[in-house]
Amino acid sequence: ALRTVYEIVTGREIPFEGLRVETLRGDGEIKEGAVTITDPLPEFARFDGFTVRFAATSGSRGAHALMQAVQDGTSPYHFIEVMGCPGGCIMGGGQPRNQEEDVFEKRMAAIYRADEGKSIRKAHENPAVIEIYRQYLGKPGDARSHDLLHTAYVPRGAYNQLTDETYTVPYEKREAPVEKPKAQASEAHTSREENARLLALEAENARLRADLSEAQNTMEVFRKIIVDKTSK
């Protein structure tokens, strides 16, 4: 992403040897860096001298720290990447388990070798991406691409699937939804709450049934042991 943004804004490759953003490499919990834009293309002249700050983290602890800074208004970053698995995808749940102490370093080195050996190393040069924009999406930021590729974030609860909320903010202006009468809205809200309670009860019943089954199995084992000891 950084390689692409810098090149689109300046018309030049990002000024790091071999296109390597070294500060984002390695196994640190939070990795950060910055690049200053100089002599941009005329249409991006307003960014001349602007320093883009970025950070990457993997695992929930680093993500929590970065998000807390955003919430507190103290985050200096313009771009943050969060990976769910500590160490990123190369140490994720789908990877084979390995007992070698340096397996992480080996996998990481392999990823970097693969990157440097590719003929296409920038997102905006990906021929499949270029073609889908040409045939369908139009230009980045146009109505269709914005509507399909962007999302918005709203408060979500345990049972949002029972509500009629929508989670995307369309780029094109659309008619405002017709407000439900208060009585109707109240009935819908009550119905959703009742459905949520029923789901919670069903989940609790399932858990209790599982506990009961486990207890019965344990009792059966004890019964067999007692019968066996008695018969001897």
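This briefing covers the pockets, salt bridges and cysteines of one structure. The model is predicted: local features need pLDDT of at least 70, side-chain atom pairs count only at pLDDT 80 or more, and totals for chains, interfaces and linings use all residues. Residues are numbered from 1 along each chain as its sequence is written, and side-chain values use heavy atoms, with hydrogens and water left out. The structure holds 15 salt bridges and zero disulfides, and its largest pocket has a volume of about 1,100 Å³.

**Largest pocket**

- A pocket is an open set of points on a 1 Å grid over the protein atoms alone, where a 1.4 Å probe fits and protein lies on both sides within 12 Å along at least five of seven lines; lining residues have an atom within 4 Å of a point.
- The volume of about 1,100 Å³ is the space filled by probe spheres set on the points, with grid points joined across faces, edges and corners.
- The lining of the largest pocket holds 38 residues, and Leu24, Arg25, Glu81, Ile111 and Tyr112 lie nearest the centre.
- At least two lining residues come from each of α1 (2-10), β2 (51-58), β3 (79-83) and α3 (103-116); helices (H or I, at least four residues) and strands (E, at least two) are DSSP runs, numbered from the N terminus.
- The most is given by α3, with six residues.
- By residue class, the lining has 20 nonpolar, seven polar and eleven charged residues. Nonpolar covers Ala, Val, Leu, Ile, Met, Phe, Trp, Tyr, Cys and Pro, charged covers Asp, Glu, Lys and Arg, and polar covers the others, Gly among them.

**Second largest pocket**

- The second largest pocket has a volume of about 340 Å³.
- Its lining is made of Ala1, Thr4, Val5, Ile8, Ala123, His124, Val129, Ile130, Tyr133 and Pro140, and the elements that give two or more of these residues are α1 and α4 (127-137).
- This lining divides into eight nonpolar and two polar residues, with no charged ones.

**Salt bridges**

- A salt bridge is a side-chain nitrogen of Lys or Arg within 4 Å of a carboxyl oxygen of Asp or Glu.
- Aspartate 115 and arginine 3 form one of them, at 3.0 Å from N to O. The pair joins helix α3, which holds aspartate 115, to helix α1, which holds arginine 3, across 112 residues.
- Aspartate 115 has 16% relative accessibility and counts as buried; arginine 3, at 15%, is also buried. Buried means under 20% relative accessible area, exposed over 50%, and partly exposed in between (1.4 Å probe, protein chains only).
- Lysine 122 and glutamate 7 meet in another salt bridge, also at 3.0 Å from N to O. Lysine 122 sits in the loop between α3 and α4, glutamate 7 in helix α1, and the two are 115 residues apart.
- Lysine 122 is buried at 9%, and glutamate 7 is buried at 16%.
- Arginine 20 pairs with glutamate 17, with the closest N and O atoms 3.9 Å apart; glutamate 17 is exposed at 66%.
- A network of salt bridges links Arg3, Arg25, Asp115 and Arg121.

**Cysteines**

- A disulfide is a pair of cysteine sulfur atoms within 2.5 Å, and the count by this rule is zero.
- For cysteine 85, the closest cysteine sulfur is that of cysteine 89, 6.4 Å away, so the two are too far apart for a bond.
- Cysteine 85 is partly exposed at 28% relative accessibility, whereas cysteine 89 is exposed at 64%.
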